[in-house]
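Welcome to the tour! Open your viewer, keep the selection tool at hand, and follow along one stop at a time.

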Amino acid sequence: MKLSLPLLAITSFTAGITFMCSYFMNLTMTNSDQYLAIVGVMFLDGVFGMIAGTKREGFQTRKAIKVLRNTVAWMVILTVILMVEQGFAGTAWLSEVIVVPFMVFQLISALKNASMSGFIQMSLLNQILDKIDKHKGIRDEEPKK
């Protein structure tokens, strides 16, 4: 059987795309917990932020779409980091060092948004934040005048 040039090109292209898809499927499935954590944290912060924003200034579509944009951006960042981890020996710590601090900030943001939405009392939020920032000292209950 003689292969024509267009058939050979289509077969090569399809094989390349299949390889890339199987590579990314393997990468995402072996690290699905990290992807799920990013989606969960970003959506938690986004939902509480939308509720708080609706109470303050009304619902704004551009801010709601920003949640999706940020989630996709963090998933792309995680994908690139995981590719580097797989490609180079000794870099298995990279995703924890880069992604975890930002996710902690997002969780703190979700707590603040939940407080502004009315789901968490401000006094409870202050206790939680004081336990996170113990190195800053004890907060005065009454502000000094």
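Predicted model: local features only at pLDDT ≥ 70, side-chain atom pairs only at ≥ 80, totals over all residues.

Helices are DSSP runs (H or I, at least four residues; strands are E, at least two), numbered from the N terminus.

Residues are numbered from 1 along each chain as its sequence is written, and side-chain values use heavy atoms, with hydrogens and water left out.

Keep α4 and α5 selected and look along them. Two packed helices are described by the angle between their axes and the distance between the axes. The axes of α4 and α5 come within 9 Å and cross at roughly 165°. That makes α4 roughly antiparallel to α5. Axes are lines fitted to C-alpha atoms, for helices over the stretch in contact, and angles run from 0 to 180 degrees between N-to-C directions. Angles under 35 degrees count as roughly parallel, over 145 as roughly antiparallel, 65 to 115 as roughly perpendicular and the rest as oblique. The crossing of α4 past α5 is left-handed; that word applies if the near helix is turned anticlockwise from the far one by less than a right angle, and right-handed if clockwise.

Now pick out Ile132, which belongs to helix α5 (residues 122-132). Buried means under 20% relative accessible area, exposed over 50%, and partly exposed in between (1.4 Å probe, protein chains only). Try the distance tool on Ile132 and Ile108: their C-alpha atoms are 9.5 Å apart in space, and the two residues are 24 apart in sequence.

Next, select helix α2 (residues 32-57) and helix α3 (residues 61-87), which pack at an angle of about 160° with their axes 9 Å apart. That makes α2 roughly antiparallel to α3. This time the crossing is right-handed. To see where they meet, show side chains in α2, including Ile38, Met42 and Phe43, and in α3, including Val67, Trp74 and Leu78. The residues of this contact divide into 13 nonpolar, five polar and two charged.

How many aromatic pairs does a search of the whole structure find? There are four. Trp74 and Phe102 form a tilted pair, 5.0 Å centre to centre with 45° between the planes. Rings of Phe, Tyr and Trp (its six-membered ring) pair if their centres lie within 6.5 Å; planes under 30 degrees apart count as stacked, over 60 as edge-to-face and the rest as tilted. Trp74 lies in helix α3 and Phe102 in helix α4 (residues 94-117), so the pair ties together parts that are 28 residues apart in sequence. Trp74 is buried, at 14% relative accessible area, whereas Phe102 is partly exposed, at 42%. For another ring stop, select Phe19, Tyr23 and Phe24, which ring pairs link into a cluster.

Then go to Leu27 in helix α1 (residues 5-30). Leu27 counts as buried, at 0% relative accessibility. Not counting residues up to four places away in sequence, Leu27 touches Tyr35, Thr79, Leu82, Met83 and Gln86.

For the last stop, find Gly58 in the loop between α2 and α3. Gly58 is partly exposed, with a relative accessible area of 24%. Draw a line from Gly58 to Ser115: their C-alpha atoms are separated by 17 Å, and the residues are 57 apart along the chain.

Conventions
Contact = heavy atoms within 4.5 Å. Nonpolar A, V, L, I, M, F, W, Y, C, P; charged D, E, K, R; others polar.
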